[in-house]
Amino acid sequence: MTTEPVPLLHDLRDLIQVRSITCRAPGEPDFVLVSGKRSRYYCDLKRVTLSPEGSRAIGELLFALYDGRAEALGGLLVGATFIATAVALVSAQHGRPIYGFTIRDAQKQHGTQDNKAESYHPDGALLRPGRRVVVVDDVITEGGSVLKAVEVVQSLECKIVEVVGLVDRHQGGTEKLLGLGLPYVSVYDADTTGELTINPKILRRLEATATAR
């Protein structure tokens with residue numbers, strides 16, 4: 001698999017489409033989502049984010065998007081954790097680190113009793129006022145999960161560069177996040193049948209990145 005941003009964007013779409021999207025056949029019952037909504041398809045992105053080639057592709061793609069723009073990337077446990085780890089690894093290979101963090105759904109009841117876990121950073125706390133941060137989630141449905149991470153990051157006075165969803169199901173999350181004034185973008189958009197398309201905004205951004213090289 002290539003590491004060039006634009007071809008990689010297409011390759012990763014195909015990988016997610018084949019490995020992560022499961023569609024119901026006619027007559028089969030709908031999938032019930034975490035939100036309680038029903039759907040004719042289910043997107044299990046862990047099948048890609050936890051795979052060797054999927055992890056590398058996601059890390060390279062998000063690194064290309066946020067290299068020089070963000071100092072840290074992460075989101076709500078569990079989905080965002082695998083993405084943040086992939087980006088951190090790839091960024092180290094390029095010699096321009098983007099540090100990872102994860103936000104817990106609830107404050108832990110032992111140890112430091114913290115609601116987050118963050119990478120070591122050479123100049124102190126990773127999530128601190130002014131730190132340029134990307135908040136990520138694997139799948140956006142109604143936006144509730146990613147908003148939990150956003151709220152914690154905002155409470156720490158970090159600067160949110162962007163909120164990004166790897167796959168957006170377009171079931172209310174986009175409108176909610178944009179309505180709150182958040183700089184939200186999806187990488188791939190799913191229609192009601194689970195067919196994925198590339199967000200043109202992301203494609204244009206990566207084309208510009210490739211031209212600048």
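Here are some numbered points to guide a first look.

1. A word on the source: what you see is a predicted model. Please keep that in mind with each value below.

2. Let us start with the sheet. Its 7 strands follow the order S7-S6-S5-S8-S9-S10-S11, and the sheet is open, with mixed pairing. Strand S7 (116–118) and strand S11 (196–198) are at the edges; each has a single partner strand, so one side of each lacks a neighbour in the sheet. On average, neighbouring strands here are turned by 20° against each other, direction ignored.

3. Next, look at strand S5, residues 72–76, where 5 of its 5 residues are buried. S5 runs parallel to strand S6 (residues 99–103), and 5 bridges join the two. A handy landmark for this pair is leucine 76, whose bridge partner in S6 is isoleucine 103.

4. Now move to strand S10 (residues 184–190), which is also mostly covered, with 7 of its 7 residues buried. Which sense does S10 take with strand S9, and which with S11? With strand S9 (residues 159–168), S10 pairs in the parallel sense over 5 bridges; with S11, S10 pairs in the antiparallel sense over 3 bridges. To find these pairings on screen, look for valine 163 opposite tyrosine 184 in S10, and for alanine 190 opposite leucine 196 in S11.

5. Helix H1 covers residues 5–20. Its 16 residues reach 21 Å from the first C-alpha to the last, close to the 22 Å expected at 1.5 Å a residue. The buried residues of H1 include Leu8, Leu9, Leu12, Leu15 and Ile16, but also Arg13, Gln17 and Ser20.

6. The largest pocket deserves a visit, with a volume of about 590 Å³. It is lined by 23 residues, of which Val34, Asp138, Val139, Thr141 and Ser145 are the closest to its centre. Strand S4 (41–43), strand S8 (132–140) and helix H5 (144–155) each give two or more residues to the lining. The largest share, 4 residues, comes from S8. By type, the lining residues divide into 11 nonpolar, 6 polar and 6 charged.

7. Arginine 69 sits in the loop between helix H3 (52–66) and S5. Is arginine 69 buried or partly exposed? Its relative accessible area is 31%, so arginine 69 counts as partly exposed. The C-alpha atoms of arginine 69 and valine 134 are separated by 9.0 Å, although the two residues are 65 residues apart along the chain.

8. Some backbone details are worth checking. Most residues other than glycine have a negative phi, and most peptide bonds are trans. Between leucine 77 and valine 78, however, the peptide bond is cis, with omega near 20°; valine 78 has its place in the loop between S5 and helix H4 (79–94).

9. With 54% relative accessibility, glutamate 157 counts as exposed. At 41% relative accessibility, histidine 170 is partly exposed.

Notes
Residues are numbered from 1 along each chain as its sequence is written. This is a predicted model: local features need pLDDT of at least 70, side-chain atom pairs count only at pLDDT 80 or more; totals for chains, interfaces and linings use all residues. Side-chain values use heavy atoms; hydrogens and water are left out. On a 1 Å grid over the protein atoms alone, a cavity is a set of points where a 1.4 Å probe fits but cannot get out, and a pocket is an open set with protein on both sides within 12 Å along at least five of seven lines; lining residues have an atom within 4 Å of a point. Grid points are joined across faces, edges and corners, and a volume is the space filled by probe spheres set on the points. Ala, Val, Leu, Ile, Met, Phe, Trp, Tyr, Cys and Pro count as nonpolar, Asp, Glu, Lys and Arg as charged, and the others, Gly among them, as polar. The expected span of a helix is 1.5 Å times one less than its number of residues. Buried means under 20% relative accessible area, exposed over 50%, partly exposed in between (1.4 Å probe, protein chains only). Two strands pair if DSSP finds at least two bridges between them. Axes are lines fitted to C-alpha atoms, for helices over the stretch in contact, and angles run from 0 to 180 degrees between N-to-C directions.
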